[in-house]
Amino acid sequence: SSLLKQEMAPHVQTRLKKIHAFLREHLGQEFTAEQLKTVGFKVDAELEHQLKHNEKIEHYLVLTGETSVAVYKYRPKFQSVQGKSDILKLLETRREGVLVDDLLESYQNCQNDLKELEKEGRVMLIPNTQKKFTVAFGTEPVLTIDPDIQKLWKEITVQDKDTLHKNLEGLGLDATSKPVKNIQRENNGQEFKKNGDKKKSRVTKLTNNHLLVSEDLQGISSLGSHQFNVK
């Protein structure tokens, strides 16, 4: 009879998985082997060994009078996260985001706190529909810019419109006031006409003359103009 029960007993890994899920549902609570037995989990020597060496389950001794008893407790990934301020502090240090599932195992009311933080605009919850998980991101800016970069940025001066126009003319360039859409419309009308069903090839002349005005680019002056057949 005892042999039959042993053969019919669930596999150790299956029981371990069920205890793992049970402890996760009761975050922060401690359970002795006797208490686990009352809810349907018999902790024998083999299962006890697995519980002691499982990274997601804490195992330690608690003194009860003159004796000590072993207790089991779920070990969350972020043990220090116990409230809103802890969530925000964690997200500040992890700009790549944190899986919501990892946060939810920290404490019982974590899901409600995340929803409230999202509503307040202090946390973003981005779902990945393909892989079926959600990532939490902090919204507080933490970008720091090197002081030398800041100094260079402040030293940059922008020319006014008249000075810029004058400098362009000095380089042989002509600034246009025509909107880009108008220029494109004119080109479309001239270059993309069709004659019946026959397609005509056109020749577009591309020049590098506007690049040759700089003394630094004299080395490419031999390039001149090139023609390309575009069909």
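Reply: One definition to begin with: contact means heavy atoms within 4.5 Å. This is a predicted model, where local features need pLDDT of at least 70, side-chain atom pairs count only at pLDDT 80 or more, and totals for chains, interfaces and linings use all residues. Residues are numbered from 1 along each chain as its sequence is written, and side-chain values use heavy atoms, with hydrogens and water left out.

Me: Is glutamate 105 buried or exposed?

Reply: Glutamate 105 is found in the loop between helix H6 (100–104) and helix H7 (110–119). Helices (H or I, at least four residues) and strands (E, at least two) are DSSP runs, numbered from the N terminus. Buried means under 20% relative accessible area, exposed over 50%, partly exposed in between (1.4 Å probe, protein chains only). Glutamate 105 has 5% relative accessibility, so it counts as buried.

Me: With which side chain does the side chain of glutamate 105 make a polar contact?

Reply: Leaving aside neighbours within four places in sequence, glutamate 105 is in contact with Arg24, Leu27, Lys56, Tyr74, Pro76 and Lys77. A polar contact is a pair of N or O atoms within 3.5 Å; within protein, one must be able to donate a hydrogen and the other to accept it, and residues adjacent in sequence count only if both atoms are side-chain atoms. At 2.9 Å, the partner is the side chain of lysine 56.

Me: In what order do the three strands of the open sheet lie?

Reply: Two strands pair if DSSP finds at least two bridges between them. S5 and strand S6 (residues 133–138) pair in the antiparallel sense over six bridges. Strand S4 (98–99) and strand S5 (123–128) are the edge strands, each pairing on one side only. The order is S4-S6-S5.

Me: What angle does the direction of helix H5 make with that of S6?

Reply: Helix H5 (residues 84–93) packs on the sheet and touches S4, S5 and S6. Axes are lines fitted to C-alpha atoms, for helices over the stretch in contact, and angles run from 0 to 180 degrees between N-to-C directions. For H5 and S6 the angle is about 90°.

Me: Which residue in S3 is the bridge partner of histidine 59?

Reply: Strand S2 (residues 57–64) and strand S3 (residues 67–74) pair in the antiparallel sense over eight bridges. Their hairpin has two residues between the strands, and glycine 65 takes a positive phi near 75° there. The partner of histidine 59 is tyrosine 72.

Me: What is the angle between the planes of phenylalanine 22 and phenylalanine 41?

Reply: Rings of Phe, Tyr and Trp (its six-membered ring) pair if their centres lie within 6.5 Å; planes under 30 degrees apart count as stacked, over 60 as edge-to-face and the rest as tilted. A search of the whole structure finds two aromatic pairs. Phenylalanine 22 and phenylalanine 41 form a tilted pair, 5.6 Å centre to centre, with a plane angle of 55°.

Me: Which residues do ring pairs link into a cluster?

Reply: Phenylalanine 22 lies in helix H2 (residues 12–25), and phenylalanine 41 in the loop between helix H3 (33–38) and helix H4 (45–52). Both phenylalanine 22 and phenylalanine 41 are buried. The cluster is Phe22, Phe31 and Phe41.

Me: What is the relative accessible area of lysine 132?

Reply: Lysine 132 sits in the loop between S5 and S6. Its phi is positive, about 60°, although lysine 132 is not a glycine. Lysine 132 is exposed, at 72%.
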